[in-house]
Amino acid sequence: MQTPASSLSRRSFLSTALAAGAALSVQAKDQAPLIAYVGTFTSPLQNMKATQVDLPPGNGQGIHLFEVNRSTGAMTPCGLYKSGSSPNCLTFNAARTVLYSTNETDANGSHEAGSVSAFAINPKDGQLTLMNTVSSGGKGPTYISLHPSGRFLLVANYFGGSCAVLPVKPDGSLGEATDFKQDSGTIGPKKATNAPPGSFAFSGHDGTHSHMIQADASGRYVLSVDLGLDQILVWKFDDQKGTLTPNDPPHVTLPPGDGPRHFAFHPNSRWLYSLQEEGSTVVLFDYDTEKGRLSSRQTISSLPPGFAGSNFCSEILVSPDGRFVYVGNRLHDSIGIFAIGKDGTLTLVGEEWTRGNYPRSFNFDPTGEFFYSLNQRGDNVAIFRVNRKTGVLAFTGHYAAVGNPSSIVFLDLAKGQ
């Protein structure tokens, strides 16, 4: 009996569809993974002043590795580099073949200097192998960033109130510091000028505290933040010698006691947003790319209208498309979302609960579709989907359990970036 043509068409279609589905399944299975690296606090901070409020117990185990589901953003554990010295801040070399970590609770010598480690990345599965470890020059290194030249790593030592420049060798390992700068000056007051009503937020105005360091896009200038001095310091950078020289003027001062913590450049390089830990504010600066000078133009609260009580700001990021600013509020446990106007000024869009206690930092995945909140005291990473049009975050329902998470970075092994 002859088979009807329509039946053959259906069979042909189903056969083709099944073959295509199988091919896609194999392709998805064989595709190199997207890896998330999460730095954690793995041991308690030692010899701290009585004024230190953020004392994580050290629930992490080191640098935790996760495979990220590209469709849902969910994270599945896939590795661990164990470390007892709190690898709390992570970044890559220019080729993204080496991962660097600060080791905040490492303590060497009379100054209890911390350290920075370099790890070779296995290009197939993302696993880490220690290359070397060098001194950070000061106590409590809490932030690192790569200079645009790719030949130097910049380090901020929070408890030492200092910053250092570490050379990156051709193989990605680190050399001893080419420069070291100790912050000095008048410490700001215990009460923040712009603190919310009823705030008892006091964290860093007991000494100098270098909290962040990063070069501008050109690499000619390096900016570092000292929370205790209420200053953003600006340095000229010699990318041949790896040295810092004070700019003219050498710094810009924030309102007394507000405590600048982190900052973020807009993709246009002309606007800089500074986040104040104790004042709970975001300040917009115009940035002169030729002279390395900052001029403040707007100050806005990181919190919703009517908030009263204590809050400690943490992280600030500009969305990859340059349309929104995201701000971390600890104690309020929220992400403040701000739209960026045509002139760079901010307007509050709203806030999103972090689904965990004390959001220390956050980051976007490489596509900008997902947003990851690291809830330090909640011992988890909460995952959100980003609405590109409105900037709003929607919780995906996915968590990853991580003790005292501090920093997250991503490496797409399919692209090597």
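This report describes a predicted model, taking in turn one of its sheets, a serine within that sheet, the cysteines, some backbone features and a glutamine.

## A four-stranded sheet

The strands β4, β5, β6 and β7 form, in that order, an open sheet of 4 strands in which the pairing is antiparallel. At its edges lie β4, covering residues 90-92, and β7, covering residues 128-135, and each of these pairs on one side only. Averaged over the sheet and with direction ignored, neighbouring strands are turned by 30° against each other.

## S117 in strand β6

Strand β6 runs over residues 113-121 and contains S117. The relative accessible area of S117 is 5%, and because this is under the 20% limit, the residue counts as buried. Its side chain makes a polar contact with the side chain of N103, at 3.0 Å.

The surroundings of S117 draw on several parts of the chain: once neighbours within four places in sequence are left aside, S117 is in contact with L99, Y100, S101 and N103, and also with L130, N132, T133 and L174.

## Cysteines

A search of the whole structure for disulfides finds 0 of them. A disulfide, in general terms, is a covalent bond that links the sulfur atoms of two cysteines. For C89, which is in no disulfide, the nearest cysteine sulfur belongs to C163 and is 14 Å away.

The accessibility of two cysteines can be set side by side: C89 is buried, with a relative accessible area of 7%, whereas C78 has a relative accessibility of 29% and counts as partly exposed.

## Backbone features

In general, most residues other than glycine have a negative phi, and most peptide bonds are trans. Against that background, S86 has a positive phi, near 60°, although it is a residue other than glycine. S86 belongs to the loop between β3, residues 75-82, and β4, and with a relative accessibility of 0% this serine counts as buried. A positive phi is found at E112 as well, where the value is near 50°, and E112 is placed in the loop between β5 and β6.

The peptide bond between D248 and P249 is cis, with an omega of about -5°. P249 is part of strand β15, which covers residues 243-253.

## Q182 and its contacts

Strand β11 consists of residues 179-182 and includes Q182, which is partly exposed with a relative accessible area of 46%. When residues up to four places away in sequence are not counted, Q182 touches G160, G161, S162 and T208. Of these, T208 is 26 residues from Q182 along the chain, and the C-alpha atoms of the two are separated by 8.9 Å.

The side chain of Q182 also approaches the backbone at two glycines. A polar atom of this side chain lies 2.8 Å from the backbone oxygen of G160, and the side chain of Q182 reaches the backbone oxygen of G161 at 2.9 Å.

Notes. Residues numbered from 1 in each chain as written. Predicted model: local features only at pLDDT ≥ 70, side-chain atom pairs only at ≥ 80, totals over all residues. Heavy atoms only, no water. Helix = DSSP H or I, 4+ residues; strand = E, 2+ residues; numbered from the N terminus. Buried < 20%, exposed > 50% of the residue type's maximum accessible area, 1.4 Å probe, protein only. Polar contact = N/O pair within 3.5 Å; in protein donor to acceptor, adjacent residues only side chain to side chain. Contact = heavy atoms within 4.5 Å. Pairing = 2+ DSSP bridges. Axes fitted to C-alpha atoms, helices over the stretch in contact; angles between N-to-C directions. Disulfide = S-S within 2.5 Å.
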